[in-house]
Amino acid sequence: MKKFNKIIALVMTTVLALSFASCAKSDKGDNTPQEEKKEITVSLDWTPNTNHTGMYVALANGYYADAGLDVKIVQPPEGDAIAACSSGQVQFAVGYQDLLAAGFVSDSPMEVTAVAALLQHNSSCIISKKGSGMDRPKGLEGNEFLTWESPIELAMMENVVTKDGGDWSKVKLIPNTVTDEAQDVNANPSHAIWVYYGWGVKNAEINNIDVDTFFFKDINPVFDYYSPVLVANNELIKNDPDTVKAFLEATKKGYEYAIKNPNKAADILIAGDDTGSLVGSEKLVIESQKYMSNEYIADAKQWGYIDPARWNAFYKWLNDEKLVEKELQLDQYFTNDYLS
């Protein structure tokens with residue numbers, strides 16, 4: 001579902017602006033005259049999926065309109081969501097704590113701040129064919145890991161394999177070009193692939209493919225970082241904090257609705273997808289939504305809350321492992337101040 005991509009903080013081009021306009025989904029639930037509404041654009045990280053359901057619910061149910069917001073949800077070219085938000089072309093975007101790190105310490109730091117967690121816990125896991133011996137990290141010895149060749153990804157893999165008593169040097173790395181992980185591991189019992197449980201594993205289940213999994217956070221709690229998060233443009237936060245609060249309050253209502261009504265929320269997501277990417281995947285969306293609706297808040301005090309200790313622990317690990325060009329500052333780059 002999510003692919004690892006380098007985040008490049010570049011000013012977006014006019015072509016990107018046109019693509020945003022052509023694929024935008026906007027709020028039609030008018031209670032406030034259109035000219036009085038604050039225009040907000042939020043960029044997804046990928047095509048619509050159950051990470052994003054609450055925003056589509058807030059759009060369809062008029063929560064944004066009721067908050068005086070005219071919201072558009074757009075799908076940018078791959079990897080450009082955070083750059084678009086940093087440049088101010090969009091006001092909010094979906095990102096991931098691990099992928100944001102490089103941009104925060106670049107020579108031209110990204111001008112964004114994480115303002116809400118879309119999921120409370122990192123559902124990253126490794127999937128393999130059931131019975132192939134890879135139900136724990138050590139089992140990857142002598143097998144093949146499909147990699148995106150990200151330094152953070154590979155460092156995490158080495159960490160969990162070593163922590164489990166395995167020899168990382170005995171794991172063969174091959175490029176990850178797979179679009180259906182469940183079908184791939186079913187056909188290739190030596191393959192292990194990084195997926196997100198709510199999509200990759202649920203896809204295996206609905207296709208009756210038996211798989212083994214293990215979660216990174218279960219092997220090393222440091223890897224229970226925030227994935228994904230919602231980020232906001234720093235200038236918007238500074239100059240218009242009330243709009244940030246209004247957007248997050250309406251978005252929270254959308255996710256709370258999805259928690260209570262997973263089947264209806266799945267239908268709203270499917271109906272709201274104007275990319276066509278969910279056509280034929282309706283059963284997967286429904287099953288994924290049932291799982292994800294329990295994960296949006298999970299054990300947190302409220303939707304969106306970012307635990308400073310967990311955020312800092314992961315960035316400290318990146319610093320200690322020299323996985324970023326400059327040292328990441330702790331207690332920075334995120335805030336809970338705009339959550340109701």
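## Cores, helix packing and salt bridges in a predicted model

Leu-230 touches Val-42, Met-55, Phe-92, Ala-93, Val-94, Thr-113, Ala-114, Val-115, Ala-116, Leu-118, Phe-247 and Leu-248, leaving aside residues up to four places away in sequence; a contact means heavy atoms within 4.5 Å. The model is predicted, so local features need pLDDT of at least 70 and side-chain atom pairs count only at pLDDT 80 or more, while totals for chains, interfaces and linings use all residues. Residues are numbered from 1 along each chain as its sequence is written, and side-chain values use heavy atoms, with hydrogens and water left out.

**Confidence and overall make-up**

The predictor's confidence in each residue is given as pLDDT, from 0 to 100. Its mean over the protein is 91, and 89% of the residues reach 70 or more. Residues 1-23 stay under 50, and for this stretch the model has 61 contacts beyond four places in sequence. Where pLDDT is low, the predicted coordinates should not be read in detail.

The protein contains 14 helices and 11 strands. Helices (H or I, at least four residues) and strands (E, at least two) are DSSP runs, numbered from the N terminus. Of the 340 residues, 56% are buried; buried means under 20% relative accessible area, exposed over 50%, and partly exposed in between, with a 1.4 Å probe and protein chains only. Among contacts between residues at least 6 apart in sequence, 82% join residues at least 24 apart.

**Nonpolar cores**

A nonpolar core is a set of buried Ala, Val, Leu, Ile, Met, Phe, Trp, Tyr and Cys residues joined through side-chain atoms within 4.5 Å. The largest one has 60 residues, and those with the most contacts inside it are Met-55, Tyr-64, Phe-92, Leu-230, Phe-247 and Leu-248. Helix α11 gives the largest share of this core, seven residues. Another core, of 49 residues, lies apart from it and includes Leu-100, Val-161, Trp-168 and Ile-306. In soluble globular proteins, nonpolar side chains tend to be buried together.

**Helix packing**

Helix α2 (residues 53-60) is mostly covered, with seven of its eight residues buried. These are Thr-53, Gly-54, Met-55, Tyr-56, Val-57, Ala-58 and Leu-59. Just after α2, Gly-62 takes a positive phi of about 80°.

Helix α2 packs against α11 at an angle of about 105°, with the axes 7 Å apart. Axes are lines fitted to C-alpha atoms, for helices over the stretch in contact, and angles run from 0 to 180 degrees between N-to-C directions. The two helices are therefore roughly perpendicular; angles of 65 to 115 degrees count as such, those under 35 as roughly parallel, those over 145 as roughly antiparallel and the rest as oblique. On the α2 side, Thr-53, Gly-54, Met-55, Val-57 and Ala-58 meet Ala-250, Thr-251, Gly-254, Tyr-255, Tyr-257 and Ala-258 of α11.

A second pair is formed by α6 and α14 (residues 308-320), at an angle of about 95° and with axes 12 Å apart. These helices, too, are roughly perpendicular to each other. Ile-152, Ala-155, Met-156 and Asn-159 of α6 make the contact with Phe-314, Trp-317 and Leu-318 of α14.

**Salt bridges**

A salt bridge is a side-chain nitrogen of Lys or Arg within 4 Å of a carboxyl oxygen of Asp or Glu. By this rule there are 13 salt bridges, among them those in the table.

| Salt bridge | N to O distance |
|---|---|
| Arg-136 and Asp-164 | 2.9 Å |
| Glu-141 and Lys-138 | 3.7 Å |
| Lys-252 and Glu-249 | 3.6 Å |

Arg-136, in the loop between β6 (124-129) and β7 (144-147), and Asp-164, in the loop between α6 (151-163) and β8 (172-175), are 28 residues apart, so that the pair links distant parts of the chain. Arg-136 is partly exposed at 41% relative accessible area. Glu-141 is partly exposed at 24%, as is Lys-138 at 32%. Lys-252 and Glu-249 both lie in α11 (residues 241-260), three residues apart, about one turn of the helix. Lys-252 is buried at 15%, whereas Glu-249 is partly exposed at 26%.

**Backbone features**

A cis peptide bond joins Ser-227 and Pro-228, with omega of about 10°. Pro-228 is in the loop between α9 (216-219) and β11 (229-233). Ala-298, which is not a glycine, has a positive phi of about 50°; Ala-298 is found in the loop between α13 (282-292) and α14 and is partly exposed at 40%. Tyr-333, also not a glycine, has a positive phi of about 75°. Tyr-333 lies in the segment after α14 and counts as buried at 15% relative accessibility.
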